[in-house]
Structures are given as structure tokens and as C-alpha cells.
Amino acid sequence: MDDKTTAEIMEQTRYRILLIEDDKLDQMAFERFVRSEKLPYDYRIAGSVSEARKILDCEQFDVIVADYSLGDGTAMDILSSVEDLPIILTTGAADERVAIEAWKAGAYDYIAKDSDRTYLKAIPKAVENAIDRMKMEKALERKQKNLEAIFDAAPIGMLLANENMVITRVNYAVRQMLHRDYPQIINRQIGDALGCIRGSHGQRGCENCFFSSGCLLRQAMEIVRDLERPVHDVEMYTTLKIYNQETKLWLRISAEPVRIDDRKYVLLAIDDITERKQAEEEHRLAEEKLKETMELKSQFISTVSHEIRTPLAAIKEGIAIVLDGVTGPINEGQKKFLDVVKRNTDRLGALINDVLDFQKLKSGNKILDFQSNDIEQILSDVHETMALYAKRSEVELSVDCARGLPKAEFDRDKIIQVLTNLVSNAIKFTPRQGRVSVNVRHREGELVIGISDTGMGIPKEALPKIFERFYRVKRPGKEIQGTGLGLAIVHKIVMMHGGRIEVESEIDRGTAFTVFLPVKAKSPPEQSSTQMDELLENSITG
Ligand code: ADP
């Protein structure tokens, strides 16, 4: 600003100036100067304090240039009565006392008069500076007001505390949170302002009452005040007096150091998180309860299943002995009924095995034994196991492996279980003279294992359900035995390997299952133990 020339200043907008000067010669000199310098001033001249007041009552100005001593008073009288208007003092009595007094009272500038009136030359710059400063002050004031408005309307509770932890400013959210009026908070020590219950030996109120050194809020504020560094997200459980009632609240507090006029303040942001904390707490209780129930159920299922297995084994053994004629010859009628008993005991045995298998899978990834495996070798084992069943069913079983398949990381026994299950289903649901083919390829980090048959197929509407536990396609007239758990187990195991399974089918043409298995073991999609338990629970109770 200082480097602006008079000419530059002149180019700018016109200023309205009030000159308060009781010396006629000085008045004339000012007018002459304005004219000769062509200053862009619209000015009025007042010869006294009272005249100046009259003019100020009905006219607006940008700047006042006032002589210090005036006939009926001093420029200080004007200073004290005008606001928002910069005043430049001129005086012949150039002493520091006047200058200091004027500055203190809010004068913007001070120009010492001299006898040859060269002081007039300082006026244009002083006027320009005063107006600029006024503009800046106004902008700052606006900013300050905006900040205050943001502070007041912030949806989170905000408090400003001074070095002595006394609240100097508070916003609406705090007043609402604490159900307190402004005077009950402002100018009060923070503990009182919040309504902290002052407990003796921590017996009442929160355990670490603000008035004790253990209070988290107090500690946070002291850190902020003394070290001038922020503290964020302190959660504290506290007892406050709200509506004269002791109320337990969870508060989350952040504190920032702030300096205003070189004094230390602590800006507090307070959030009432009681509802969230209560919801979390309830959720945790509920979760613990659910876990307990699930554990009990799974224990129950496993015990019952084991308990059934033992007598079932004895029944099977007994039937086999009688059927084999060890206890003496049996007639055709007896054999027929014993065959029915045998089939049903076999079914019951298979169901119990599947239930136990499914239950074991519930603990997720932990139970898998990931090793590097040769899929070709595994398929040859599966082929060997299933060959007799295929032969008896008069179904042609073939296995085809692409060349150079990489070794893959998976749980050998579990993947054998998957493939055996799929191949045995394929044989089971394929009429005589049909074909079951297994092939394996390697594609983009995955082993792609296809198991296809030329069997009876699966109706379109049943396809989305076949991996659900106990789901079986209804085939009136040609029911084929099974538990409906096999594919649910297959699906679970594949998922636990981070893989996936797809199925395509056409009625009376055949079915093709495709298992995609990652070559490098990867963790399965997130599934909480509760979900796993629920799955088990559903699978058992149907
Ligand atoms: P199940 O013990 O009945 O075989 P699964 O869970 O293994 O139970 O299979 C569920 C149902 O899906 C079966 O009952 C059957 O209807 C159908 N399914 C499975 N595999 C085949 C297949 N290869 N061909 C035709 N239907 C099949």
C-alpha cells in the first residue's frame, strides 16, 4: 500500500472525508491541497466537535481527518462516539502522550502538523491506509462472525475453555446435549459446566470425576493446554447431573489447542455416543448368547449323532449276521423285510455321517490342512475308488487330465471328498449305458475340474437350490436315495478353499459340475463363525 503514488490513489474511487479543524488557515490549506493535487475527495469541513457531531448525524463518511485540539473539546471526544469509521489525527502539539492516547482510543493514524504545512502531503496515503485497514478489519470481522456461526451451529458439541478450564464459549449442541441454559455453562469451570457429579473418593458420579486427577477429560484438557497438542477421540463414561437427575453418559471428546489474543484456550468437541455404546453393548451380549447357544447345539448334535452311531453299528452287524444265515436259514419273506431294514439302517448311517461331516466344517479354515498336491494323482485315486460302483451301475467312467498341470495347495482329503461326492452323484443319477467323464485343465491360476454325465439332468428351477442342505430334486416314480447334504458339503469345502462351483444341466441329456480351485491357497470369503454356526444350525434343523 505504501508504494502507491498519489496519481494511482487518485484514479480510484472517490472518498468521503470529514475534516474537523478549527483553524481557518488550516482548513483553507487542506482545500487548496485537495484541489491542487486533484484528490478524489468529497469533503465536508466541521470547525468544532459539536458541528462535527451534527454532520455525522446525517451524513456518511469513509474517513475523518481531525485536529487534536478543537475549540469545544478534542478529537478524542469524536473518537469515543464514532464506530466503524477510521480517524486520522493531526496536531501541532506533537507529543508522544497525545499519540499514545489516540492510538489507545482507536485512531488509525497520527500526523504531526508543521509550520509550512508539508504534513498535508502525508494525508492521501494515510487516508488510503486507513481505508484499507478498515476494509481488512471488516473482512476479518466477517470471517470471525462466520466462524462463530459455524461454531454455534455445529452438530457436535463445542466448548471453548480458558487456561483455568473455565468455559468462555459454548454452542447450541452442548446446551441441547446437557439440557442446560447458556448461563449454567458459560463462565463456569468445566466440571461444573458439564454438571459432573462431584463424588467423594469416586463413590458417586463417574469413577474418575472431573474434580479428581484421574478424570480422562481433565487429563486431555491439561495435555492440550500445557503441551499445546491435540488429543483426539477420548471415550469416557461419566455421570452428569441433567434435569437434576444423575445421568450416565458415554461421551467422545476431542480437544485442540487454540490461541486467542496470545492466550491459551482449549477447544473441546463433545459427542454423546451413549446410544451407539448401548447398541454395541447389547449387540455384544446378544452375540455372546448366540455363540453359547450355537456351541450347545453343536455339542448336542455331535453327542446325539455319536450316541446313535454305536447302537446303529450293532443293529447293522446283527442284520448282516442274520442275513448271512449265520444264525440259521431264513426264508424269502424274512429276507425281504431284513433287506428293507438294512437299506434304512444304511440310509440312517449315511445321514449321520453327513451331519457330522457338515458339523466339522463349521470351524472354517482352521480345519483345512493345506498341502501342495498333485491333482492327477488324486483323480486317479478317485477313479479307482469309484470304478467298481460305475461298473456295477453299468456306467462308463473316464478321467482326462491336461498335460503339465501344476501342483496345487489344498486339503487332500477334503478335495477327494468333493470329487468322490460329485462322481458318485453323477453315476447315481445316470441310467445304465451312460457315461461319466472327469477332466481337469489349468486356467489363470485355477484348476478347472469338470464332472459331467449323460444322466437324467436337473430341472432349471431346481438348479439354484441344489447346494442347499437337505434339498433333493423330486423325481416321482424314480426316487433315488440320498441325504440331500452331499452338495451342501461339497459347496462348503470348495468355498473354504477360496474356490467356486458351477452347474449346468439339461433334462434327460445330462449334468456338468465345474469346480474352480485356486492353485495357490487363498483365504475364503469372510464368513463369521456365527454365520457358519447358523448354516450348521439351519442344515440340521432344516
Ligand atoms: P443326495 O444325497 O440326494 O445326492 P446331494 O446334495 O448330493 O444330495 O444332491 C442334491 C440333489 O441334487 C440330488 O438329490 C439330486 O436330485 C440332484 N443332483 C445332484 N447331482 C446330480 C446329477 N449329477 N444329476 C442329476 N441330479 C443331481
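Me: Which elements each supply at least two residues of the shell around the ligand?

Reply: This is a predicted model, where local features need pLDDT of at least 70, side-chain atom pairs count only at pLDDT 80 or more, and totals for chains, interfaces and linings use all residues. Residues are numbered from 1 along each chain as its sequence is written, while side-chain values use heavy atoms, with hydrogens and water left out. Helices (H or I, at least four residues) and strands (E, at least two) are DSSP runs, numbered from the N terminus. The elements that each give at least two residues to the shell are α14 (412-428), α15 (486-496) and β19 (510-518).

Me: Which residues come nearest to the ligand?

Reply: There are 20 residues around the ligand, and a residue is near if one of its heavy atoms lies within 4 Å. Those that come nearest are Asn425, Asp453, Arg472, Thr483 and Leu487.

Me: How many residues of the shell are charged?

Reply: Ala, Val, Leu, Ile, Met, Phe, Trp, Tyr, Cys and Pro count as nonpolar, Asp, Glu, Lys and Arg as charged, and the others, Gly among them, as polar. By that division the shell holds 9 nonpolar and 7 polar residues. The number of charged ones is 4.

Me: How much of the area of the ligand does the protein bury?

Reply: An oxygen atom of the ligand is 3.3 Å from a polar backbone atom of Val473, and a backbone N or O atom of Gly486 lies 3.3 Å from an oxygen atom of the ligand. A nitrogen atom of the ligand is 3.5 Å from an N or O atom in the side chain of Thr511. Taken alone, the ligand exposes 530 Å² (Shrake-Rupley method, 1.4 Å probe). The part of this that the protein buries is 98%.

Me: Is Phe30 buried or exposed?

Reply: Phe30 belongs to helix α2 (residues 24-36). Buried means under 20% relative accessible area, exposed over 50%, and partly exposed in between (1.4 Å probe, protein chains only). Because its relative accessibility is 2%, Phe30 counts as buried.

Me: How far apart are the C-alpha atoms of Phe470 and Gly484?

Reply: Phe470 lies in the loop between β17 (446-453) and α15, and at 30% relative accessible area it is partly exposed. Along the chain, Phe470 and Gly484 are 14 residues apart. Their C-alpha atoms are separated by 3.9 Å.

Me: What is the phi of Asn244?

Reply: Asn244 is found in the loop between β10 (231-242) and β11 (245-260). Its relative accessible area is 68%, so Asn244 is exposed. Although Asn244 is not a glycine, its phi is positive, at about 65 degrees.

Me: Where does His179 lie?

Reply: His179 has a positive phi near 50 degrees and is a residue other than glycine. It counts as partly exposed because its relative accessibility is 41%. The place of His179 is the loop between α7 (172-178) and α8 (182-185).

Me: How far apart in space are Asn164 and Lys264, C-alpha to C-alpha?

Reply: Asn164 sits in the loop between β8 (157-162) and β9 (167-170), and is exposed with a relative accessible area of 58%. In sequence, Asn164 and Lys264 are 100 residues apart. In space, C-alpha to C-alpha, they are separated by 9.6 Å.

Conventions: Polar contact = N/O pair within 3.5 Å; in protein donor to acceptor, adjacent residues only side chain to side chain.
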